[in-house]
Amino acid sequence: MSADGVAESEAPVPEMEDHAADCAARLRAADEVLLASHIDADGLTSAAVAASAFERAGIPFETVFSKQLDEKEVARIAATDYDIVLFTDFGSGQLDIIAEHEAAGDFEPVIADHHQPADADTEFHLNPLRFGVDGASELSGAGASYVLARALESEPGTNRDLAALAVVGAVGDMQNSQGGLHGANAGIVADGVEAGVLEEATDLAIYGRQTRPLPKFLEYASDVRIPGVSNDQNGAIQFLSDLDLDLKSDGEWRRWVDLSMAERKTVVSALMRRAIASGVPAKRIEELVGTTYSLLDEEEGTELRDVSEFSTLLNATARYERADVGLAVCLGDRGEALDRARKLLRNHRRNLSEGLQWVKNEGVTVEENVQWFDAGTRIRETIVGIVAGMAVGAAGIRGDVPILAFAEKSADEVKVSARGTHALVREGLDLSAVMREASRAVGGDGGGHDVAAGATIPAGTREAFLREADRIVGEQLE
């Protein structure tokens, strides 16, 4: 038994081992494979894990990315010359569409996904939900790809280093709730630690430990809001200046990664005292500290060293139509691709900041069971879900009901993103079902996870969609 309480096993997710071996055998027998993957951080790392495993196994392949796997996109894939298609981080929710093409002899699918499956089946379907493992909180798409990659090994353990990318995918998919990664993800973390590519530690659970100057690090610490520090530039600077520490070097603020353990303890203790004095509930204060994950092969002080920052960098590539850049970074390009990714990241951060400010200024409309805003063309449809998640709990925006965000996708279609909380999920919220059912009721389609999901609906159907979504959420939370 490891320190995490994870049983030591050659397979990181024993429940999926046998079926992963079947999927791997089918892929090895293929002349060549089309690898199709989603475009978010989890999708990019899923593709990178699979691509690395294919390279090592000598399996010829080509990689394509899709923003959304709908009928049109599956038909486009079917029109290629590939007999075998590996879908990563999507495919399960579109199994009904895929199964029709399989029956027609267009291609044979292998799926490594973690989303709720549609009402259809196929032989090679590697999804944790089929094996009693929670795909929303215990195993991501990259985790499913990793299970497959381990089954593709020529020698036991040779793909264990790919656990680092799988952990980036899991964190990018918001699975590090309640202080860290759990369940099947913990088995992958153990693999990464054993392979020497991952460090698991207890630290301040705030984004930006590697790259942000200390005042920005604390100012943007929004998960646990501390009055007078969070969202308060001058307050954060004053808080740090009042500590008996030398927190500048050559006139520049140091970063969290630059501090010694003793200095970190001093800052954490002072933060906790401030939080207590400000009336922050004890349970929230405990969330300041959690499990952090660092990639040991990456340079300290860069976005790639910290798993959370790495996942944000990846989101900044694919959500701006540059999935190729994100994949190249995942596969080790630390030159041109990384430079391009950093430029995209700066643009991404600016767009998120402007989008969040717009939502704060415009506010949200509160229905009986949900709250929502319609950004139209003001917020890019590929990032409106991220903005919605950031907005929850901000001034004037409730944290106790799900939030729905609308953005124009095209002249004919509207993108809807939904975000909830793990507390609401424990009460019965399942946004995957909400998005799927409400969107199909108005001629669209959707899906995802219980805590975060999305849909595409025809233009002009927002009000009908909202009524249906509000009704379904009300029934779930009765």
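**Exercise 1.** In which loop does glutamate 32 lie?

*Solution.* Glutamate 32 sits in the loop between α1 (17–28) and β1 (33–37). Helices (H or I, at least four residues) and strands (E, at least two) are DSSP runs, numbered from the N terminus. The structure is a predicted model, in which local features need pLDDT of at least 70, side-chain atom pairs count only at pLDDT 80 or more, and totals for chains, interfaces and linings use all residues. Residues are numbered from 1 along each chain as its sequence is written, and side-chain values use heavy atoms, with hydrogens and water left out.

**Exercise 2.** Classify glutamate 32 as buried, partly exposed or exposed.

*Solution.* Step 1: buried means under 20% relative accessible area, exposed over 50%, and partly exposed in between (1.4 Å probe, protein chains only). Step 2: glutamate 32 has 39% relative accessibility, so glutamate 32 counts as partly exposed.

**Exercise 3.** Describe the salt bridge between arginine 264 and aspartate 203.

*Solution.* Step 1: a salt bridge is a side-chain nitrogen of Lys or Arg within 4 Å of a carboxyl oxygen of Asp or Glu. Step 2: for arginine 264 and aspartate 203 the N to O distance is 3.0 Å. Step 3: arginine 264 belongs to helix α10 (residues 261–277) and aspartate 203 to strand β6 (residues 198–204), so the pair ties together parts that are 61 residues apart in sequence. Step 4: arginine 264 is buried at 14% relative accessible area, and aspartate 203 is buried at 13%.

**Exercise 4.** How many salt bridges does the rule give?

*Solution.* The count comes to 26 salt bridges. Among them, aspartate 306 pairs with arginine 209, the closest N and O atoms being 2.3 Å apart.
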